[in-house]
Amino acid sequence: MESAVLNTLFRRLATHRFCQRGAPAIHHALPTGQRRHSSRYPHTAPQYRGPSSKRPKTSVESNWQQRTDAFPEDKADEFHRYPLVTATDLRTRRERPRRVKMLMRDFIEDSLYNPTYGYFSKNVTIFNAGEPFDFNSIPDEPAFQRVLGQRYTEFEDKLDAIEYNETRQLWHTPTELFQPYYAEAIARYMVSNYKLSLYPYHDLLIYELGAGNGTLMLNILDYIRRTDPQVYARTKFRIIEISPMLASLQQKAADRGHAHCVEILNLSIFDWKTYTPDPCFFLALEVFDNFPHDILRYNPFTSQPLQGQVLIDSAGDFFEFYTPHLDPLASRYLQIRSFATQNRLPPTHPLRSPSPWLRKLRHSLPMAPNLTAPEYIPTRLLHFFTLLSKHFPAHRLITSDFSSLPNATPGHNAPVVQTRYQRRTIPVSTPLVQQGYFDILFPTDFGVMEGVYRAVTGRLTRVDGHGDFMERWSELERGRLGSGENVLGSRGWFGNAKVMVTV
């Protein structure tokens, strides 16, 4: 245990410069019904970031750095001297890097997925509710919240009895909350479409990306075996999982009667090299939100995009720098988005809000920022779509994720960044935080992503609200509370999520 580091880290959460405009709200870990994580209340932060409590010195501003109301140290010399590294370069490192620079997507990927200190590699625990909830016997939603809170407490008490961990990162998913009904809806959709167009000429081949505890896989296979033994006999289920810890849990789930048809591949999807020509269903449920993004800002007068890089100095402090030279993946994303959306930007995009004349006026004022507010672009998601098109040409994607997230950090399409300490959620206002201790999750703009997916893969899609999909494919009555409220339906939980499928 890095106890000294942890104590220092969480002391600084209360004293660090980015919290000075108001201490961050701290919330109990029980999430609301609208999203996977607890409520967050981010606060405005200067562009200087870092785990150190050292305050930046006022000095001559670098042309490379974003100018804000807090003048950071001039780090231009270090920016030019330090090597540019990627998350792949850092995979074998056992300590967090210093004296380097990297693109924002690489910083986020290293923070979340580094095998030694990454968030998903060492800290994550996914809540398991145990026995399925009997929703019909629960009077109303407040009663369900109480029952869920009690199970959360019991679940974590059992973990603490084995090993106490005050920084345990615990969260839930629709799969766990609504088991087995949620997975059965997915299975019903796949079996119906499989029998309509693929049976009996092909096997039912299912890939799942990031399978958590393995609950979705287990519930899907249980349902198919129970309802259609002939289809089950031709079913193959393959999991692609980057985390060795979660892969072990998934194997234990597969051993509960389905080991003969389950294969668990412990690797990153972005390391996939195998060509798979067979028709398959590809499940990516609550995966896009943790795909790394790049950060852009725009010249307020010329609208030229500048791509953000993260400088980590010798003290381990973080600084943002922006350069007009876009890397190939970011440049390709902007080109494809422009084609897919016919150059129509969302109303909240930095180049549309405020209007161009007001933006120029605002940035002409003394001490005004020299770049627009940030935009986060899903470059890893574009990479994923390209990989699907190249290696899984006959795939049918089934994905569900958050279309919006409340209390995100500043910027367009910006993430929620939070950690958990002593069973309470601590939100912060920047993704530039101690690597491995914070969840960084993004909303998905399905209006844009549907167009990008179609442009990359050439496949047609359908987007539904999460509840609308459940109403069409689940046993809806199983989610009805005594009051008549339905946790699965269009007015139920996870109302800020959408489902996109290949048609």
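Helix α6 contributes three residues to the lining of the largest cavity, the most of any element. Helices (H or I, at least four residues) and strands (E, at least two) are DSSP runs, numbered from the N terminus. The structure is a predicted model, in which local features need pLDDT of at least 70 and side-chain atom pairs count only at pLDDT 80 or more, while totals for chains, interfaces and linings use all residues. Residues are numbered from 1 along each chain as its sequence is written, and side-chain values use heavy atoms, with hydrogens and water left out.

A search of the whole structure gave six cavities of 30 Å³ or more. A cavity is a set of points, on a 1 Å grid over the protein atoms alone, where a 1.4 Å probe fits but cannot get out; lining residues have an atom within 4 Å of a point. Grid points are joined across faces, edges and corners, and a volume is the space filled by probe spheres set on the points. The largest cavity holds about 580 Å³ of space. Its lining is made up of 33 residues, and those nearest the centre are Leu 209, Gly 210, Ala 211, Glu 286 and Val 287. Two or more lining residues come from each of α3 (104–113), α6 (174–177), β6 (204–209) and α8 (215–227). By type, the lining has 19 nonpolar, eight polar and six charged residues. Here Ala, Val, Leu, Ile, Met, Phe, Trp, Tyr, Cys and Pro count as nonpolar, Asp, Glu, Lys and Arg as charged, and the others, Gly among them, as polar.

The second largest cavity has a volume of about 160 Å³. It is lined by 18 residues, with Tyr 333, Pro 378, Asn 413, Asp 445 and Met 449 closest to its centre. At least two lining residues are supplied by each of α11 (328–341), β13 (375–377) and α14 (446–457), and β13 has the largest share, three residues. Eleven of the lining residues are nonpolar, four polar and three charged.

In soluble globular proteins, nonpolar side chains tend to be buried together. A nonpolar core is a set of buried Ala, Val, Leu, Ile, Met, Phe, Trp, Tyr and Cys residues joined through side-chain atoms within 4.5 Å; buried means under 20% relative accessible area, exposed over 50%, and partly exposed in between (1.4 Å probe, protein chains only). The largest core has 62 residues, and Phe 178, Met 190, Ile 220, Ile 224, Phe 237 and Leu 283 have the most contacts inside it. Helix α7 (residues 181–197) provides ten residues, the largest share of this core. Apart from this core lies another, of 38 residues, including Leu 209, Tyr 298, Leu 381 and Phe 384.

Two further residues were examined. Asn 114 lies in the loop between α3 and α4 (119–122) and is buried, with a relative accessible area of 3%. Its side chain reaches the backbone oxygen of Leu 90 at 2.9 Å and makes a polar contact with the side chain of Tyr 117 at 3.3 Å. A polar contact is a pair of N or O atoms within 3.5 Å; within protein, one must be able to donate a hydrogen and the other to accept it, and residues adjacent in sequence count only if both atoms are side-chain atoms. Val 231, in helix α9 (residues 229–232), is buried at 0% relative accessibility. Its C-alpha atom is 8.9 Å from that of Pro 200, 31 residues away along the chain.

Note on methods:
On a 1 Å grid over the protein atoms alone, a cavity is a set of points where a 1.4 Å probe fits but cannot get out, and a pocket is an open set with protein on both sides within 12 Å along at least five of seven lines; lining residues have an atom within 4 Å of a point.
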